[in-house]
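Me: I am new to this structure. Please show me how to read a feature or two.

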Amino acid sequence: MIKLSGINKIYRTDEIETLALENVNLTVDQGEFVSIMGPSGCGKSTLLNVIGLLDEPTSGTIEMAGTVIGKMKDKQLAEFRNANLGFVFQSFHLINSLNVVDNVELPLLYRKMRGSERTRLAKEVLERVGLSHRMRHMPSQLSGGQCQRVAIARAIVGNPEIILADEPTGNLDSKMGAEVMELLHNLNKEDNRTIVMVTHNEEQAKMTDRIMRFFDGRQIQ
Ligand SMILES: Nc1ncnc2c1ncn2[C@@H]1O[C@H](COP(=O)(O)OP(=O)(O)OP(=O)(O)O)[C@@H](O)[C@H]1O
């Protein structure tokens, strides 16, 4: 479960203050698949970064996976993220100098796990996303849809309860986008993973359990 209470996020520079999130209160139940929609600049990515503990809110509280996230030190935050959250980004964020299986193993490097066990788990999730035949390929040798499936494999290899996806089909054509959406749906329905997805695509949003709409940093629906 994810629970945000009274979240405000203000970006301050020398000259201006931007209120990117204003009193956001939201709850996402465990196993729910929700989408976040709204016009450019309304705070969607900021919200996902706050939920993903990548960006600290200016005020408000966050509760997630049974833990109230208070003032955690960076190391604790990194450990919490590694154990509970999987990230999928629009532009994949794969490491180009590593092959597919090594990319997928990355989140496990931070855990004390033997190399053979890491590789076994990475192979398992690559099979799950239909890419076990591309394990030794480099990211540059894959299609966009395949890159995103590798990124999803990397997001789930550590078995996180929550997946955060920021426009996961934004760089894909409609066919590849549909494949990625189907994969996310399976991860939600079959594994009961909680998914929060930012999207500009109404059709895809309608396929999720609930749509949250934002405007100017506020939740409007
Ligand atoms: N690091 C930052 N410093 C200052 N202002 C920022 C920063 N990041 C975002 N903002 C501002 O906060 C607001 C929300 O930005 P955010 O990126 O969350 O919007 P978004 O809804 O994800 O937009 P898009 O759909 O275009 O990606 C915008 O007005 C933006 O200019």
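Me: Which elements do the buried residues of α4 pack against?

Reply: First, the ground rules. This is a predicted model, where local features need pLDDT of at least 70, side-chain atom pairs count only at pLDDT 80 or more, and totals for chains, interfaces and linings use all residues. Residues are numbered from 1 along each chain as its sequence is written. Helices (H or I, at least four residues) and strands (E, at least two) are DSSP runs, numbered from the N terminus. Residues are in contact if their C-beta atoms, placed from the backbone, lie within 7 Å. Here, the buried residues of α4 pack against α3 (100-109) and α5 (144-156).

Me: Which residues of α4 are buried?

Reply: A residue is buried if 20 or more other C-beta atoms lie within 10 Å of its own, exposed if 12 or fewer, and partly exposed in between; C-beta atoms are placed from the backbone. In α4, R118, L121, A122, V125 and L126 are buried. Seen down the axis of α4, they fall within an arc of 135 degrees, so they line one face of the helix. That arc is taken from the directions from the helix axis to the C-beta atoms.

Me: Which exposed residues does the face turned away from the buried side of α4 carry?

Reply: That face carries S116, E117 and R120.

Me: What comes just after α4?

Reply: G130 does, with a positive phi of about 75 degrees.

Me: In what order do the strands of the open sheet lie?

Reply: Two strands pair if DSSP finds at least two bridges between them. Here 6 strands run β6-β7-β8-β3-β9-β10, with mixed pairing. The edge strands, β6 (85-89) and β10 (218-219), each pair on one side only.

Note on methods: Contact = placed C-beta atoms within 7 Å.
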